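Hi everyone, thanks for making time for this.

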Amino acid sequence: MPENEPTAPSLENLLHETRAFPPSAAFAAQANAQPSMYEDAKADRLGFWADQARELVSWERPFTQTLDWSGAPVAKWFADGTLNAAYNAVDRHVEAGHGDRVAIHFEGEPGDTRTVTYADLQREVSRAANALAALGVTKGDRVVIYLPMLVESVVAMLACARIGAPHSVVFGGFSADALRSRIADAEAKVVVTADGGYRRGAPSALKPAVDAALAPKDGEPATTVEHVLVVRRTEQDVEWTEGRDVWWHEAVAAADDVHEPVWVDAEHPLFILYTSGTTGKPKGILHTTGGYLTQCASTHKNVFDLKAESDVYWCTADIGWVTGHSYVVYGPLTNGATQVLYEGTPDTPHRGRWWELVEKYQVSILYTAPTAIRTCMKWGEDIPAGFDLSSLRVLGSVGEPINPEAWMWYRRVVGGDTTPVVDTWWQTETGAIMISPLPGVTATKPGSAQVALPGIAADVVDDEAHSVPDGGGGYLVLSEPWPAMLRGIWGDLQRFKDTYWSRFEGLYFAGDGAKKDEDGDIWLLGRVDDVMNVSGHRLSTTEIESALVSHDIVAEAAVVGAADETTGQAVVAFVILRGEHAERAGTPDGAAQVQEELRSHVAKEIGPIAKPRRILVVAELPKTRSGKIMRRLLRDVAENRAVGDATTLADSSVMDLISAGLATNKPGSED
Ligand code: WTA
């Protein structure tokens, strides 16, 4: 393709003029991944995973059984083995003589730093495990972690794992109400939080949300939480509940720095992580220990080509999301990696902060989301050009489809036109990466996640569950169980079966649309259900609709994800207001007021990340004769397209009314 192509290449063009980047001979010669892995895994899938489990994970009692699928769709992997995830992530590296290796280079947003070696981490995690035990936490108890990106966040997760207490990390951007429902669903005994953290140049508070989440509320049973452990980060004043609240630094300082890990069965729950589904109620995705750790370690080693002795790895995800679990905590630490942990935002105090950190720590592997890449593209390539990024040798992308333009920019501007870019597809439910090129083996292709990893069986099928031919499109499915797969939805086995296993007999339905190109490579096309993806964060349309209708002035609401150049999708809400409020919204001032009221209401109910970008007041919503809202038509409106086929509407004039009415609506302010 000529350098100065007059028109920007569209996805279709790129699909036809596919430009693949073969691995360099030098990279291939030293790569962890080998072409034979595909054949080996194909010939003996279970043998492949058993080998990975033995090679990459330390077992207290070795397993003899690889997979038990008799209870499908709940799998058991390595079921008769016993192990401890924290021992694997920390102690065994110290025992192997790597106690002095840096585990974490912490960089606070204000510029404070902390270097934590594996020996330091062993002492810290042991102390924290003893502190939790002193508060009465024992094997099987649930601990909710609501923290910013701090060393303590990693330590708290590992301390839970060390005593066999499943953690449930709740992203710090969720509101008190969202935290309350997750604490209640998990029936947590302890919450670990902080006074606050630094974000965008100022301290933000976290503890007040925990206090509100634990406060009595009409008609709800008393909280199960006995103690709140509070990390001091910002020196802000906090409300204190005597007897319940305990300072982390005091409890940890008082605890012994030696702790015997609690050995658990491979299928012992390691964590619950809530994620948005197609209904209003978030799902507690359950992961267990042995299979999860195996696949995290295996994918982290092979997809990022990690060399623990020499690489500096950095995954920019927050620990509140699954990427932070698998590729900040369990994968890298199980592999004995050295990594960067950064507290703040990419533009504080300046837009080169990330690149400054890459230069400072000589980061060699970077893993981030397409939204971040597109934002950096918008800021301009002069900014990364001002830093030495030559240490980078592998770049990863996750969380949403990456458009070929962003992929090319990432490789050229950040990767100096030489690094492989791996687009990794997976989900909270899959626990670890499922579809991705292997650097050094696969020729990488801009915009495509390409191929299922060795030992993983993925396909694209049509409505009748038939595999589509190359060049065809349909739904992404997984056709064989995999080690890190979810073991269910916490407390709701039926919902687990209905959500993932009922659409296609015997196949796991991921909820993503996909197509195969002429080479058989997979391209992800976004969600096909009511889940939105905003900046790589999963949000449910129904959850936001429920939040909107819980406000007094709203009679009905419909939410759609509209395409957005930077964030992938943006939340757009259509609302019908009650009585006089509809008139109030008819004036420009009133409309702005209503927008603000509703946006802050959603922030309170769910969190600022769920705030609609635009709220459009309408008189009617398009519904089928059976009363189902036709979101497809609303998406057409939100994306300023001609409205598609509306013949199944109960009242076909509704769309004309909506389109006409929108002329009087003003878009809301953008965050
Ligand atoms: C989307 C994040 C395209 C997808 C790890 C999936 C992607 C959802 C990719 C899971 C990718 C994730 N290309 N889409 N490389 N990675 N997705 O649970 O829609 O937060 O179903 O897990 O993100 O989001 P989750």
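Let's start with aspartate 564 and arginine 613: they form a salt bridge, and their closest N and O atoms are 2.9 Å apart. By salt bridge I mean a side-chain nitrogen of Lys or Arg within 4 Å of a carboxyl oxygen of Asp or Glu. Aspartate 564 sits in strand 27 (residues 554-564) and arginine 613 in the loop between helix 20 (588-605) and strand 29 (614-617), so this pair ties together parts 49 residues apart in sequence. Helices and strands here are DSSP runs, numbered from the N terminus, with at least four residues of H or I for a helix and at least two of E for a strand. Arginine 613 is buried, because its relative accessible area is 17%; buried means under 20%, exposed over 50%, and partly exposed in between, with a 1.4 Å probe and protein chains only.

Before I go on, the ground rules. This is a predicted model, where local features need pLDDT of at least 70 and side-chain atom pairs count only at pLDDT 80 or more, while totals for chains, interfaces and linings use all residues. Residues are numbered from 1 along each chain as its sequence is written, and side-chain values use heavy atoms, with hydrogens and water left out.

Let me show you two others. Glutamate 220 and arginine 180 meet through their side chains at 3.2 Å, N to O. This pair links distant parts of the chain, 40 residues apart: glutamate 220 is in the loop between helix 9 (207-214) and strand 11 (227-231), and arginine 180 is in helix 8 (residues 176-186).

Aspartate 530 is partly exposed at 26% relative accessible area, while arginine 631 is buried at 12%. And if you like networks, salt bridges link Glu107, Arg353, Glu356 and Lys360.

Two strands pair if DSSP finds at least two bridges between them.

Look at strand 18 (residues 365-368) and strand 19 (residues 394-398): they run parallel and are joined by four bridges. Leucine 366 stands opposite leucine 395 in strand 19. Contact, by the way, means heavy atoms within 4.5 Å.

Next, helix 14 (residues 370-379). How many of its 10 residues are buried? Eight are, which leaves the helix mostly covered; among them are Pro370, Ile373 and Trp379. The buried residues pack against helix 13 (353-361), strand 18, helix 15 (382-385), strand 19, helix 16 and strand 28 (568-577). Just after the helix, glycine 380 takes a positive phi of about 105°.

One for those of you who like ligands. There are 17 residues around it, and Asp423, Thr428, Asp512, Arg527 and Arg538 come nearest, where near means a heavy atom within 4 Å. A polar side-chain atom of threonine 428 is 2.5 Å from a ligand oxygen, and an N or O atom in the side chain of asparagine 533 is 3.4 Å from an oxygen of the ligand.

Last stop: glutamine 450, in the loop between strand 20 and strand 21 (458-461). Glutamine 450 is buried, at 2% relative accessible area. A polar atom of its side chain lies 2.9 Å from the backbone oxygen of alanine 443. Happy to take questions!

Terms used. Polar contact = N/O pair within 3.5 Å; in protein donor to acceptor, adjacent residues only side chain to side chain.
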